[in-house]
Amino acid sequence: MTRRLTAIIEREGYVALCPEIDAASQGSSAAEARGNLVEALALFFDAAPSEETDRRLGGELHVTRIEERLPRR
């Protein structure tokens, strides 16, 4: 089954996050972090009960950029 999920990759340390599933992985490059995240997601879908998968995929997810002047602390 093909699934379309979100991958957010942070450059610092190359951390890859999938917010729909609440899964994360890392690597020494963006490509490696992405590949490791795909592997982690495959393991999740193989092991998780369908109720857990449905619960995690049941909500809406909106990804957007925010560009505002925010106060620094």
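Colleague: Which pattern does the chain follow when read along the sequence?

Modeller: The order is β-β-β-α-α, so three strands and two helices are present, where helices (H or I, at least four residues) and strands (E, at least two) are DSSP runs numbered from the N terminus. The model is predicted, so that local features need pLDDT of at least 70 and side-chain atom pairs count only at pLDDT 80 or more, while totals for chains, interfaces and linings use all residues. Residues are numbered from 1 along each chain as its sequence is written, and side-chain values use heavy atoms, with hydrogens and water left out.

Colleague: What radius of gyration does the chain have, and what value would a compact globule of 73 residues have?

Modeller: The radius of gyration is taken over C-alpha atoms, and the globule rule is 2.2 Å times the number of residues to the power 0.38. A compact globule of 73 residues would come near 11 Å, whereas this chain has 14 Å. Along the principal axes, the C-alpha atoms fill a box of roughly 45 × 30 × 20 Å. Of the 73 residues, 19% are buried; buried means under 20% relative accessible area, exposed over 50%, and partly exposed in between, with a 1.4 Å probe and protein chains only.

Colleague: How many bridges join strand E2 to E3, and how do the two strands run?

Modeller: Two strands pair if DSSP finds at least two bridges between them. Strand E2 (residues 15–18) is joined to E3 by four bridges, and the two run antiparallel. Val15 has Gln26 of E3 as its bridge partner. The two strands form a hairpin with four residues between them. Asp22, in the turn, has a positive phi of about 65°, although Asp22 is not a glycine. Asp22 is exposed, at 68% relative accessibility. Another non-glycine residue with a positive phi is Tyr14, at about 45°; Tyr14 lies in the loop between strand E1 (8–10) and E2 and is partly exposed, at 29%.

Colleague: What is the nearest side chain of opposite charge to Glu20, and how far away is it?

Modeller: Side chains of opposite charge can pair when their charged atoms come close. Lys and Arg count as positive and Asp and Glu as negative, with His and the chain ends not counted. A salt bridge requires a side-chain nitrogen of Lys or Arg within 4 Å of a carboxyl oxygen of Asp or Glu. Glu20 is buried yet has no salt bridge, and the nearest side chain of opposite charge, Arg4, is 9.2 Å away. Glu20 lies in the loop between E2 and E3, and its side chain makes a polar contact of 2.7 Å with that of Thr6. A polar contact is a pair of N or O atoms within 3.5 Å; within protein, one must be able to donate a hydrogen and the other to accept it, and residues adjacent in sequence count only if both atoms are side-chain atoms. Outside four places in sequence, the contacts of Glu20 are Leu5, Thr6, Arg56, Leu57 and Leu61.

Colleague: Where is Ile21 placed, and is Ile21 buried or exposed?

Modeller: Ile21 is also placed in the loop between E2 and E3. With 0% relative accessibility, Ile21 counts as buried. Leaving aside neighbours within four places, Ile21 is in contact with Leu5, Leu41, Phe44, Phe45, Arg56 and Leu57.

Colleague: Which residues are linked in a network of salt bridges?

Modeller: The network links Glu52, Arg55 and Arg56, and the structure holds two salt bridges. Glu52 meets Arg55 at 2.7 Å, N to O, and meets Arg56 at 2.6 Å, N to O. Glu52 and Arg55 are separated by about one helical turn because they are three residues apart in helix H2. Arg56 and Glu52 lie four residues apart in H2, again about one turn. Glu52 is partly exposed at 22%, Arg55 is exposed at 55%, and Arg56 is partly exposed at 27%.

Colleague: Is Thr53 buried or exposed?

Modeller: Thr53, found in helix H2 (residues 50–57), is buried, with a relative accessible area of 7%. Apart from neighbours within four places in sequence, Thr53 is in contact with Arg3, Phe44, Phe45 and Ala48. Thr53 and Glu20 are 33 residues apart in sequence, and their C-alpha atoms are 9.7 Å apart in space.

Key
Contact means heavy atoms within 4.5 Å.
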